[in-house]
Amino acid sequence: MTWCAGILDGLSAIHRVGIVHRDLKPANVGFVGGRPVILDFGIARSEGEQTLTATGAILGTPQYMSPEQALGQPCVPASDTYAAGVVAHELLTGVLPHQADSVVLLLQLKVKVPARPVRERSREVPTAVGECIDRMLDRDPGKRPSAAEAAAVFRQALG
């Protein structure tokens, strides 16, 4: 859980300066001195920045993509929080919250089907952390906690 809090702290820092990563996933997290560091800002954008992307094109890694990103809508800080929720879910339960045999079906699931609660997959996850991850994975970006709020929940669970 320490790593999750560190990733969320990193997201909080980039969100404070108006940057949205848009492709947070385990492969884009490295470690320096045992602390997680967010890597690969190749498709990151300033919040609200207009981008020249082909109509209907989506960028990112489908397994970690937020529902709004899957729909081709603009990414916001809550989109990164969703991706961090997927990473935390996978780290603490060993499985992704949504799984499918094709990318199209996976993206449809993200948009239409709520993720199964974390504690249904692992009772070892502290209740507050499980509830926080469930909120991070809410399909409505307005209902997700900020990265800073989520980081505080993870740190509090660590004692």
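In which kind of crossing, left-handed or right-handed, does α1 pass α7? The crossing is left-handed. Welcome to this structure, which is a predicted model.

**Where α1 meets α7**
- Helix α1 covers residues 2-16 and helix α7 covers residues 147-158; their axes come within 8 Å and cross at roughly 155°.
- Because of that angle, α1 is roughly antiparallel to α7.
- On the α1 side, the residues in contact are Thr 2, Cys 4, Ala 5, Leu 8, Asp 9, Leu 11, Ser 12 and His 15.
- Their partners in α7 are Ala 147, Ala 148, Ala 150, Ala 151, Phe 154, Arg 155 and Leu 158.

**The β2–β3 hairpin**
- Strands β2 (residues 29-32) and β3 run antiparallel and are joined by four bridges.
- Two residues lie between the strands of this hairpin, and Gly 33 in the turn has a positive phi of about 60°.
- Across the pair, Phe 31 stands opposite Pro 36 in β3.
- Strand β3 (residues 35-38) has Pro 36 and Ile 38 on its covered face, while Arg 35 and Val 37 are on the uncovered one.
- In a regular strand, side chains alternate between the two faces of the sheet.

**His 89 and its surroundings**
- His 89 belongs to helix α3, residues 77-93.
- Apart from neighbours within four places in sequence, His 89 contacts Gly 94, Val 95, Leu 96, Pro 97, Arg 116, Val 118, Arg 121, Ile 133 and Leu 137.

Terms used: Residues numbered from 1 in each chain as written. Predicted model: local features only at pLDDT ≥ 70, side-chain atom pairs only at ≥ 80, totals over all residues. Heavy atoms only, no water. Axes fitted to C-alpha atoms, helices over the stretch in contact; angles between N-to-C directions. Parallel < 35°, antiparallel > 145°, perpendicular 65-115°, else oblique. Left-handed = near helix turned anticlockwise from the far one by under 90°. Contact = heavy atoms within 4.5 Å. Buried < 20%, exposed > 50% of the residue type's maximum accessible area, 1.4 Å probe, protein only. Pairing = 2+ DSSP bridges.
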